[in-house]
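Hello,

Here is the structure I promised. Please open it first, then read my notes below.

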Amino acid sequence: MSNLTIFTEFLLMGFSDIRELQIMYALLFLLIYLATLMGNLLIVVVTTLDRSLHTPMYFFLRILSIVDACYISVTVPKASVNSLVSNRAISITGCAAQVFLVLFLAYVEFTLLTVMARDRYVALCHPLHYPMTMNPQVCMQLTLACLLTGLLYAGFNTGYTFRLPFCQSNEIHQFFCDIPSLLTLSCAETFSNKICIGASVLGVGAGCFAFITASYVHIFSAVFKFPVKADQRKAFSTCVPHIIVVSLFVVSGFYVYLQPSSHSGSIKDLVLSVAYSIIPPFLNPIIYSLRNKQIKEAVRIVMKRKLFYSNVA
């Protein structure tokens with residue numbers, strides 16, 4: 001029998017082999033992480049404190065911001081710190097936790113974006129039914145459905161992956177643990193795993209994307225009937241960036257999870273992983289706050305209150 005080496009830890013892919021570039025990329029990603037964290041937490045605070053924003057749209061936006069903050073926190077800090085200290089190691093337990101959390105939060109994010117598209121569809125196409133269709137109880141039920149099905153989705157795919165022995169190598173050609181990279185390291189048959197992850201990603205991704213597309217087709221049909229051109233521009237300026245982020249998330253995620261497994265990393269794979277793991281959480285606060293007058297006004301009011309109370313104190 002051939003000797004097999006069973007590894008107890010993995011080595012993540014670094015941003016560069018040059019020390020100066022390692023530090024530069026690490027600091028760049030840390031800055032993006034901090035900006036993303038601040039932007040999303042600001043939305044959470046503002047939509048919680050301002051009672052005028054206690055509506056279904058901003059309820060889902062608040063949940064999405066919490067998910068975004070958690071999503072980017074799973075991968076970027078670990079990768080940046082590893083790059084700064086020149087330590088690429090991650091334990092198998094840590095890798096399994098990272099895979100589970102990435103899958104769970106990505107699933108919840110995408111299903112929430114789908115629910116938000118549904119919310120906008122009802123608000124614009126059926127405004128008279130909106131208060132009854134999207135009441136607080138329905139909003140909570142939809143959120144819980146996203147979370148519970150996300151736990152099942154992530155738990156099954158993570159468990160089905162980590163039942164495999166990893167003995168080909170311990171170098172993951174990615175800056176965080178993901179299933180396609182791990183499957184190339186297994187010395188067991190992985191065909192069933194590839195079919196399973198491909199079917200689940202394709203089923204959830206294509207289903208949600210089709211639902212979002214159908215919702216926006218109806219929304220645009222309703223928007224074209226608006227008599228005032230300014231209202232049309234306002235609706236389009238809100239919808240188009242959302243569609244761009246969703247498309248980027250779907251295309252990059254599909255490419256990473258559905259392409260044939262590669263035993264060597266590439267810059268293209270790294271860029272695509274950044275596209276679905278970092279860019280959506282980074283862009284969502286910009287799209288939903290800087291382009292939203294209500295959010296900007298609420299931020300201004302909250303800041304004025306803070307300054308007032310600090311002066312009184």
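Helices here are DSSP runs of at least four residues, numbered from the N terminus. Keep that in mind for L144, which is found in helix α5. One caution before the rest: this is a predicted model.

**Disulfides**

How many disulfides does the structure hold? There are two. Counting bonded cysteines along the chain, the pattern is 1-3, 2-4.

Take C95 and C177 to begin with. Their sulfur atoms sit 2.1 Å apart, and the two residues form a disulfide. The angle about the S-S bond is -125°, and the link of C95 and C177 is left-handed. C95 belongs to helix α3 (residues 92-125), while C177 is in the loop between α5 (136-161) and α6 (179-183), so this bond ties together parts that are 82 residues apart in sequence.

Are these two cysteines buried or exposed? C95 is buried, at 0% relative accessible area. C177 is buried as well, at 1% relative accessibility. The cut-off for buried is under 20%.

Now the other pair. C167 is joined to C187 by a disulfide, S to S 1.7 Å. C167 lies in the loop between α5 and α6, and C187 in the loop between α6 and α7 (191-223), so the bond ties together parts that are 20 residues apart in sequence. C167 has a relative accessible area of 12% and is buried. C187, at 32% relative accessibility, counts as partly exposed.

**Other cysteines**

A disulfide needs the sulfur atoms within 2.5 Å. C208 counts as buried, at 11% relative accessibility. C125 is partly exposed, with 23% relative accessibility.

**Surface patch**

Which residues form the nonpolar patch on the surface? They are M140, L144, L147, L148 and L151. Together they have about 430 Å² of accessible area. Back to L144 in helix α5: this leucine is partly exposed, at 43% relative accessibility.

**Where to look**

For the disulfides, start with C95 and C177, then go to C167 and C187. For the patch, centre the view on its residues, among them L144.

Best wishes

Notes: Residues numbered from 1 in each chain as written. Predicted model: local features only at pLDDT ≥ 70, side-chain atom pairs only at ≥ 80, totals over all residues. Heavy atoms only, no water. Helix = DSSP H or I, 4+ residues; strand = E, 2+ residues; numbered from the N terminus. Buried < 20%, exposed > 50% of the residue type's maximum accessible area, 1.4 Å probe, protein only. Patch = residues over 30% accessible without salt bridge, like charges linked within 9 Å, V, L, I, M, F, W, Y side chains within 5 Å. Areas by Shrake-Rupley, 256 points an atom, 1.4 Å probe, with all protein chains shown as cover. Salt bridge = Lys/Arg side-chain N within 4 Å of Asp/Glu carboxyl O.
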